[in-house]
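Student: I would like to go through this model step by step. Can we start with the terms and then move to the fold?

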Amino acid sequence: MKVPYKRKQYWNEPTLGAWEASYLPEILLGLVVTSRVFLRNMGRWVTGKKGALTTYYPEETRWDYAPANRGKHVLTQRPDGSPQCIACNMCATVCPAKVIEIEAGFNPADSAHPKFPIRFEIDYSRCVFCGLCVEACPEDAIRMAKEVPALTSNDRHQMWLTMDEMLTWKPQSDVAKPYPPGPGTKGTP
Ligand code: SF4
Ligand code: SF4
């Protein structure tokens with residue numbers, strides 16, 4: 001006799017007591033929580049305290065992002081200013097949203113880095129800021145700065161981050177991730 005397949009259950013069935021099952025007390029409880037947060041934020045706003053309001057993006061942008069915030073992508077550069085990227089396409093391959101487009105060039109005269117990107121673009125209308133591209137890069141050529149990109153647009157075709165924009169990153173101003181690593185930096189002689 002064929003035993004019926006029993007699918008494994010990965011969740012717990014909710015157990016409602018009489019209090020929850022009547023719903024009204026829980027709704028009132030929710031309203032109390034909402035009102036408390038509203039009044040607390042209103043009090044902070046009236047007294048000018050920090051953390052009272054959401055930033056009015058894009059007219060206002062926050063500046064106090066955590067150093068580890070995954071914001072705008074940047075391409076690191078070699079000391080001569082050329083992109084460190086070797087156009088291996090690993091970031092584009094691992095990207096779950098498939099938003100990285102790279103066009104590779106070839107320079108046989110440069111035996112150390114014969115491949116380089118001619119075009120490197122990211123579609124910010126679909127990027128989910130997961131950071132997998134940064135993790136996958138074998139050359140530490142792509143990073144995410146803590147500053148957020150300007151994302152707002154009425155036209156998603158305008159939301160591509162171009163290579164020129166990604167190459168504006170200045171290692172001198174990135175104290176958290178200096179490049180090239182200076183003397184005394186962990187891992188350097
Ligand atoms: S952050 Fe994630 S979604 Fe965005 S480009 Fe990188 S891998 Fe793709
Ligand atoms: S950014 Fe890194 S992973 Fe992406 S193509 Fe360039 S070298 Fe390869």
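Tutor: Two residues are in contact if their C-beta atoms, placed from the backbone, lie within 7 Å. Keep in mind that this is a predicted model.

Student: Among contacts with a separation of 6 or more in the protein chain, what share comes from residues 24 or more positions apart?

Tutor: Take the contacts in the protein chain with a separation of 6 or more. Then pick out those between residues 24 or more positions apart. Their share is 66%.

Student: In what order do the elements of the protein chain run from the N terminus?

Tutor: The protein chain has 5 helices and 5 strands. Read from the N terminus, they run α-α-β-α-β-β-α-β-β-α.

Student: Which strands are the edge strands of the open sheet?

Tutor: The sheet has 3 strands, with antiparallel pairing, in the order β2-β3-β5. An edge strand here pairs on one side only. That gives β2 (100–106) and β5 (160–161).

Student: Which residue in β3 is the bridge partner of Ile-102?

Tutor: β2 pairs with β3, residues 115–123, in the antiparallel sense. The pairing runs over 7 bridges. Ile-102 has its bridge partner in β3, and that partner is Phe-120.

Student: How many nonpolar residues does the shell around ligand 2 have?

Tutor: Ligand 2 is surrounded by 13 residues. The closest are Cys-85, Cys-88, Met-90, Cys-91 and Cys-137. By class, 1 residue of the shell is polar and 1 is charged. The nonpolar count is 11.

Student: What percentage of the protein chain do buried residues make up?

Tutor: A residue counts as buried if 20 or more other C-beta atoms lie within 10 Å of its own. The protein chain has 189 residues. The buried part is 12%.

Definitions and conventions: Residues numbered from 1 in each chain as written. Chains lettered and ligands numbered in written order. Predicted model: local features only at pLDDT ≥ 70, side-chain atom pairs only at ≥ 80, totals over all residues. Pairing = 2+ DSSP bridges. Helix = DSSP H or I, 4+ residues; strand = E, 2+ residues; numbered from the N terminus. Near = placed C-beta within 6 Å. Nonpolar A, V, L, I, M, F, W, Y, C, P; charged D, E, K, R; others polar.
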